[in-house]
Amino acid sequence: MREGRSTDGTDPQERGGHGSARAAPAPGGRGPQRCTAYLPVFTHDTRSPRVVFGAGSLAALHDEAARLGLGRVLVLSTPGRRALAERIADRLGARAVGVHAEARMHVPVETARRACGAAADADADGCVAVGGGSAIGLGKAVARDRGCALLAVPTTYSGSEMTSVWGMSENGEKRTGRDERVRPRTVVYDPELTLELPVGASVSSGMNALAHAVEALYAPDASPVVALMAEEGVRAIAGALPRIAVSPAETEARSAALYGAWLCGACLGATTMSLHHKLCHVLGGLGLPHAETHAVVLPHVLAYNAPGAPEAMAALGRALDTAEPARAIQALAARLGAPRSLAELGLAAADIDRVAELALRTPYANPREVTAEGVRGLLHSALRGRAPVPAAGPDRA
Ligand code: NAD
């Protein structure tokens, strides 16, 4: 297992080489899907938790814990989700040994230590993490420390429950790594638990999910199956978020968003992320907020990468029903109230050279060659909240 640094909870450098798997182009880009006669060489290597999905599926949690042979389960959440964590502990009955509601964003080392201590004191043989990436991240820390099973009950759309990526922060820096021990054994997706997720958190975790699927579409280790999941994930999330913004308690829209979250999270867990995640990582290091930065940067990186990723653009065109996916994603973010410019988030024009330099210093795999001039250009567009500029010409890295 290797370790890396990230503000994102993901470390794209943790996975394989570049350039093996690209789906055959869909001629014309849009229109009905067709079966391709030709497929490129690819490796498909994904491991998935057992997934239990649907309104009311929380009722299955007790049996799922029993299925894993767990008899002493610690329930983890953020302080804000304590009531739900206690409800879950009640459901688990004698199989629950307590509730530890101290999860925090980016899993501070001290928070992880306390949770591992609570699990040791209770002699827990497993844990249930209920909430978003923060609670699930804490569950991963306990699973890694004790080698015990983790069950996840996600209540946001960010997708950590589908990955083997763990993260921990200390002194403003985040270490991440991949470790199969932290991948949840079972994930229970119950849309009824997301009805109260505020619109802002729904949008930010949903845009985060979208970014994972977009970069999975042109990832060096994508496969045709991952591409199908990514396209469907984008379709589901992009369709659901505007409905949630209008009617947050609509179960059908919540269900579609959680379905999208599952697929986008699975894509993140299966592939290596590229330039977009690298830039967000660097910008996060300068103190820009994580989710909002994703929403602003994604359309610009997508426009930059478009010439090197025609199949990805075609898939996004189908998913978003548009000939211009980058502009459509920017319009979606604006419609959902996400910020449009990096200037709004605190970036200054004078920072751009430094960001470009850091992004190029240890570049991630990318479908198009990453040049200083190109990165500076897209950052200037993102800084001012301009429409994404389509890059010209075919160009594969
Ligand atoms: P979060 O878990 O930080 O939750 C945001 C807030 O929403 C919290 O206060 C939480 O209590 C509250 N909340 C959660 N569900 C709710 C609900 N249903 N109703 C009302 N309130 C609710 O947000 P997130 O975006 O899911 O997670 C972000 C974290 O996850 C970051 O640290 C990020 O790095 C990490 N992450 C990790 C991975 C991975 O694979 N390891 C993937 C994505 C994100």
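The model is predicted. Its chain has an average pLDDT of 90. The secondary structure amounts to 13 helices and nine strands. Of the 397 residues, 54% are buried.

**Confidence**
- A pLDDT of at least 70 is reached by 89% of the residues.
- Residues 1–30 are a stretch where pLDDT stays under 50.
- The model still has 94 contacts beyond four places in sequence for residues 1–30.
- Where pLDDT is low, predicted coordinates should not be read in detail.

**Contacts across the chain**
- Take the contacts between residues at least 6 apart in sequence: 77% of them join residues at least 24 apart.

**Helices α5 and α7**
- Two packed helices are described by the angle between their axes and the distance between those axes.
- Helix α5 spans residues 199–217, and helix α7 spans residues 251–270.
- They pack at an angle of about 45°, and their axes are 8 Å apart.
- The angle therefore makes α5 oblique to α7.
- The crossing of α5 past α7 is left-handed.
- On the α5 side, the contact is made by Gly206, Ala209, Leu210, His212, Ala213 and Ala216.
- On the α7 side, Ala257, Gly260, Ala261, Cys264, Gly265, Cys267, Leu268 and Ala270 make the contact.

- Strand β7 covers residues 165–170, and strand β8 covers residues 173–178.
- The two strands pair in the antiparallel sense, over six bridges.
- Gly167 sits opposite Thr176 of β8.
- Two residues lie between the strands of this hairpin.
- Asn171 takes a positive phi there, near 50°.

**Loop between β4 and α3**
- Most residues other than glycine have a negative phi.
- His106 is a residue other than glycine with a positive phi, near 65°.
- Its place is in the loop between β4 (96–100) and α3 (109–121).
- His106 counts as buried because it has 21 C-beta neighbours inside 10 Å, and the cut-off for buried is 20 or more.
- Val107 is not a glycine either, yet its phi is positive, at about 45°.
- Val107 also lies in the loop between β4 and α3.
- Val107 has 28 C-beta neighbours inside 10 Å, so it counts as buried.

Terms used. Residues numbered from 1 in each chain as written. Predicted model: local features only at pLDDT ≥ 70, side-chain atom pairs only at ≥ 80, totals over all residues. Pairing = 2+ DSSP bridges. Helix = DSSP H or I, 4+ residues; strand = E, 2+ residues; numbered from the N terminus. pLDDT = per-residue confidence, 0-100. Contact = placed C-beta atoms within 7 Å. Buried ≥ 20, exposed ≤ 12 C-beta atoms within 10 Å, placed from the backbone. Axes fitted to C-alpha atoms, helices over the stretch in contact; angles between N-to-C directions. Parallel < 35°, antiparallel > 145°, perpendicular 65-115°, else oblique. Left-handed = near helix turned anticlockwise from the far one by under 90°.
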